[in-house]
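Please examine the sequence and the fold shown here.

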Amino acid sequence: MSARVGVFGATGYTGRELVRLLRRHPRARVAFTTGSETGHLAHEAGLDQAADAYFLAMPHGIAATYASRLRETRPEAIVVDLSGDLRLPTAESYKLWYGHDHKAPHLIGEAVFGLCEAYGDRLRGARLVSNPGCYATSVLLPLIPLLREGLIDASDIVADAKSGATGAGRTPREDLMFCELAEDFSAYSPGRTHRHVGEIEAALADRTGKRVLLTFCPHLLPVKRGILTALYVKPTADLADLKRALSAAYDGTPFVHVMDDVPPRLSDVVDTNDCRISVHAAAPGRAVVFSALDNLVKGAAGQAIQNLNLAMGWPEAEGLVSAFGGPSDGLPIPGGQAK
């Protein structure tokens, strides 16, 4: 079985990555694209195009309107929204984190949160999916198993994350110019001001039953792509128990790998759909948990295709790349050993 796929916002970094990955997908055919450059349809024209699945790689505040119209006119199709419009559980929480009213409040709660390894049971057969944020993915994949098993203190978690510049999007900005970014390193949205904090805390509450007030500080790296997150936690068990819980949670999954001893590097994960995790001792009574992923692949377009595969009932890894096998069997492992 194959599917016709439309990509809204194909001229942004995430949209371009979607098109690149979909073109090598054995079951998906790109039926149309929309965007601001020559060769793409206008967004409005895309609503008239028939497809089996639609990806919305559009800004928040806009994507929800298109998701609503597609749900009305193409209820049988799969819609995967890569913006933040459908990630939060209530209209009130959306306004808190995004600063404006929701454009399609009737859709809130209808979308399945597309963190594939945590919501795979709900994603099979889903018709509306909210793709998680890149930072959120890097934080949630390590934390969900550890909190679910009660292995870390839920009241004492600090997430220290670094991202490549593509995470800020393709719209020209002075602070993202080469001469501003190169040979520099800076923090932004410190503490509890980044929008991804809301979806992280909502997903943790839903999957673990724990209320977490996360301290989260993102940083901008002078590189194109990749996220490396360090989670500073207070264990309630031995480090070996933390490693065992993570390994058990992701054993048999195609894209999440728990590493032995060696912290992950960006070069391990760039251009793959992998997330690599490792656990290390810190000060007495503390531990640091690292996770690394490509913000444009596992943090965005790759995970969106993983969601499409699950929703369509296809093999989860179809058309995606892991350095540990799957569709990319034979690729060298660029660092560390899987556990």
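The model is a predicted one, in which local features need pLDDT of at least 70 and side-chain atom pairs count only at pLDDT 80 or more, while totals for chains, interfaces and linings use all residues. Residues are numbered from 1 along each chain as its sequence is written, and side-chain values use heavy atoms, with hydrogens and water left out.

Helices (H or I, at least four residues) and strands (E, at least two) are DSSP runs, numbered from the N terminus; two strands pair if DSSP finds at least two bridges between them. An open sheet of mixed pairing is formed by seven strands, in the order E8-E9-E7-E10-E13-E12-E11. Its edge strands are E8 and E11, each of which pairs on one side only. Ser186 has Leu220 in E9 as its bridge partner.

Elsewhere, strand E3 (residues 53-56) pairs with E4 in the parallel sense over four bridges. Leu56 stands opposite Asp81 in E4. Strand E4 (residues 78-81) is covered on both faces: Ile78 and Val80 on one side, and Val79 and Asp81 on the other, are all buried. Here buried means under 20% relative accessible area, exposed over 50%, and partly exposed in between (1.4 Å probe, protein chains only).

The loop between E3 and helix H3 (63-73) contains Ile62, which is partly exposed with a relative accessible area of 37%. Ile62 and Lys103 are 41 residues apart in sequence, yet their C-alpha atoms are 7.8 Å apart in space.

Two aspartates have positive phi values. Asp261, in the loop between strand E11 (256-258) and helix H10 (266-269), has a phi near 70° and is exposed at 56% relative accessible area. Asp271, in the loop between H10 and strand E12 (275-281), has a phi of about 70° although it is not a glycine; its relative accessibility of 40% makes it partly exposed.

Finally, Glu174, Glu180, Glu183 and Asp184 form a negative surface patch. Glu183 is found in the loop between helix H7 (178-181) and strand E8 (186-187), and is exposed at 85% relative accessible area.

Definitions and conventions
Patches are made of residues with over 30% relative accessible area and no salt bridge: like charges are joined within 9 Å, nonpolar side chains (Val, Leu, Ile, Met, Phe, Trp, Tyr) within 5 Å. Accessible areas come from the Shrake-Rupley method with a 1.4 Å probe; for residues, only the protein chains shown count as cover. A salt bridge is a side-chain nitrogen of Lys or Arg within 4 Å of a carboxyl oxygen of Asp or Glu. Lys and Arg count as positive and Asp and Glu as negative; His and the chain ends are not counted. The place of a charge is taken as NZ of Lys, CZ of Arg, CG of Asp or CD of Glu.
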